[in-house]
2 protein chains.
Amino acid sequence: MVELRTGDVGLDELNQAGRNHSLPLEALRYPITPAGLHYLLIHYDVPDTDPAAWRVEVDGHVAQRLSLSIDDLRSRPTVTMPVTLECAGNGRALMSPRPVSQPWLQGAVGTAAWTGTPLAPILREAGLRGDAVEVAFRGADRGVEGGVDQRYERSLPLDEAMRDEVLLVHEMNGQPLLPQHGSPVRLLVPGWYGMTHVKWLTRIRVLDQPFDGYQMITGYRLRTEEDDPGEPVTRIRPRSLMIPPGWPSFPERNRFVNAGEVMLRGRAWSGRARIERVEVSTDGGESWQDASIEDELGPFAWRGWSFAWSAEPGDIELRCRATDGTGESQPDEAAWNLGAMENNAVQRVRVTVQA
Amino acid sequence: MVELRTGDVGLDELNQAGRNHSLPLEALRYPITPAGLHYLLIHYDVPDTDPAAWRVEVDGHVAQRLSLSIDDLRSRPTVTMPVTLECAGNGRALMSPRPVSQPWLQGAVGTAAWTGTPLAPILREAGLRGDAVEVAFRGADRGVEGGVDQRYERSLPLDEAMRDEVLLVHEMNGQPLLPQHGSPVRLLVPGWYGMTHVKWLTRIRVLDQPFDGYQMITGYRLRTEEDDPGEPVTRIRPRSLMIPPGWPSFPERNRFVNAGEVMLRGRAWSGRARIERVEVSTDGGESWQDASIEDELGPFAWRGWSFAWSAEPGDIELRCRATDGTGESQPDEAAWNLGAMENNAVQRVRVTVQA
């Protein structure tokens, strides 16, 4: 049974919120998120890993098993790509009711320059058998979730796993992966929500049928009732966030700016298509105007945007809204689901403008 | 008026918990905390700083004002020191009632190798006037707290400011300071709670009377009633924390281990004296046994400890307790105060031991 809750946050949720963390929204100013500011969601514990002794096993429906060390991975062709990752649960605490889980507000996002080697040539080297349909990726982190004692494990359909841009990653922003981001090696599947990029990767299994592990069948499904099998969570929906302007109060984080021209800035992204439009409302959603959009850092990374706001004294609600190349825009309110996932509702920022 | 709360965490506290973060306790395994795992508490926003244009002004009751660039600071004598920092509010959410603030559980700690230049020679170069009694340190971060629009600012008595180990720090773990840790320069006052180590340092003012800023007079005081001036929060009280053994559940973070010998490990620190003793209880505080203590990393850094536990099946409560060279031990329950600060009560970790 999924435990649902409304309103205040309990000790179990606080336990998660104290460990995991979002991007502080002012850090949207950095095109590449500095170390320690990228959002972080760890289901279980950061495992104690030894890069020198690490092996990634490739097995299952392959012609020959492979066992790759970190040096093996580093000696292969190397790609560096800016990629935006976002947690599928971003916005969960703004849905009501919500399941007891990580109570994200809106900052579960970040963009790093990821360095690694493409997965597809490794799978080709192992030799995919004709009956292969999926590839499962196992991490070293162990925990009990939904009553199941497990190592975190997720799968991809074969065609997704074979995409050129799917990497086994060993560096982030030009440094070896930090422990909390999957040291020494993680999966990177540009465009997909965060649960896909399995950290502390130990095993790659080629399967002749869809993987039925907990994180595929029970976790990360969009469903409105317990007995509904639901749809799998896959690619990131369009979202934009602004840097809340001015300065905050502590602890409430109300915002204050001086009247006059205020340059609003933010980022927008989608894992489904290019961001085509960002709009801003400075009157609580009554009217919308187009923001200027910067070039994307790369095909799977966010685009910066800006909007010159003539701030007049009063209490104002700012909003921003992104639209991607599929025509999908952020909703005012996202469709409710049991996991409170994919909540890409427009951001609302209340600001007191001082004369 | 301080707003007090019991039980569940409200949206304002969640706003803080989602931005700030603790050390995930399994990261106590690292003697030097890797980037991004060190606890973080930011009162306002991470300011947008430009290291190339940065100046630290030294003024007030000095013979001559100084204006120091980051290159000036880097060209001065350099010291690297491992120092443990802890937030004065660590443990706040375990006190009841608590003020609305950052709702820390127990992990608001970290140890970095800090690199910088001693402050005392800079103050001597500026020439302290005979009437100097305190030094105030101002950060670039702006916010409204207790109704006061302020730049974060804290002071030290002159004799504390002149201690050899007080540094202006520009590197953390061999890298330039990260934005969230005070880039390009912060104060480091080994032994003191976290509020002292002013980040994004812009100004050092020598004063002829005690500084009466908000963070000295209203914030960071130990008081039990609003109209009590209270005692200032200064040096870190002794504390020990263990790495919760075994593996967790998600989202509750219950713990599970297999029966047999389990090596319990953790760290202990105090800003007041050397840690002299760490004790462990495996029966909920009924009896205590001494842990083995490792050498300290430095005079202001934590000491590792370990204890071999023969785990027998059942539900167990583990505890650990540190004593420092002043004879002060961690209490079972800490003295309540309005700010819920200095809560160094012994850690309790419930574990289910499986046969």
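**Entry 1: one arginine.** I started with A:Arg55 and looked up what it touches: setting aside neighbours within four places in sequence, A:Arg55 is in contact with A:Ser67, A:Leu68 and A:Ser69. I'm noting here that this is a predicted model. A:Ser67 sits twelve residues from A:Arg55 in sequence, and the two C-alpha atoms are 6.0 Å apart in space. Where is A:Arg55 in chain A? I found it in the loop between α1 (11-19) and β2 (56-60).

Next I asked myself: is A:Arg55 buried, exposed or partly exposed? I counted 14 other C-beta atoms within 10 Å of A:Arg55. Buried would take 20 or more, and exposed 12 or fewer, so A:Arg55 goes down as partly exposed.

**Entry 2: chain A as a whole.** I looked up the secondary structure next, and chain A has five helices and 24 strands. Its radius of gyration is 21 Å, close to the 20 Å that the globule rule gives for 355 residues, so I can call chain A as compact as a globular protein of that length. Along the principal axes, the C-alpha trace spans about 70 × 45 × 35 Å.

How much of chain A is buried? I get 51% of its 355 residues. I also checked the contacts in chain A with a separation of 6 or more: 72% of them are accounted for by residues 24 or more positions apart.

**Entry 3: the domains.** Chain A splits into domain 1 (44-89 + 109-232) and domain 2 (239-354). I looked up the spacing of their centres, taken over C-alpha atoms, and got 31 Å. Where these two domains of chain A touch, domain 1 puts in 14 residues and domain 2 puts in 13.

Which strand gives the largest share of domain 1's side of this contact in chain A? I found that strand β4 (residues 79-86) does, with four residues. Sorting the domain 1 side by class, I have seven nonpolar, five polar and two charged residues.

**Entry 4: two copies.** Then I turned to how chain A relates to chain B. A rotation of 180°, with 0.0 Å of shift along its axis, superposes chain A on chain B at an RMSD of 0.0 Å. The two copies are therefore related as by a two-fold rotation axis. In chain A, A:Gly36 has the C-alpha nearest that axis, 1.7 Å from it.

My last look was at the interface. Of the interface residues of chain A, 100% are also interface residues in chain B, so the copies meet through the same surface.

Methods: Residues are numbered from 1 along each chain as its sequence is written. Chains are lettered from A and ligands numbered from 1 in the order in which they are written. This is a predicted model: local features need pLDDT of at least 70, side-chain atom pairs count only at pLDDT 80 or more; totals for chains, interfaces and linings use all residues. Helices (H or I, at least four residues) and strands (E, at least two) are DSSP runs, numbered from the N terminus. Two residues are in contact if their C-beta atoms, placed from the backbone, lie within 7 Å. Copies are superposed by least squares on the C-alpha atoms of residues with pLDDT of at least 70 in both. Domain bounds come from an automatic or database domain assignment. Ala, Val, Leu, Ile, Met, Phe, Trp, Tyr, Cys and Pro count as nonpolar, Asp, Glu, Lys and Arg as charged, and the others, Gly among them, as polar. The radius of gyration is taken over C-alpha atoms; the globule rule is 2.2 Å times the number of residues to the power 0.38.
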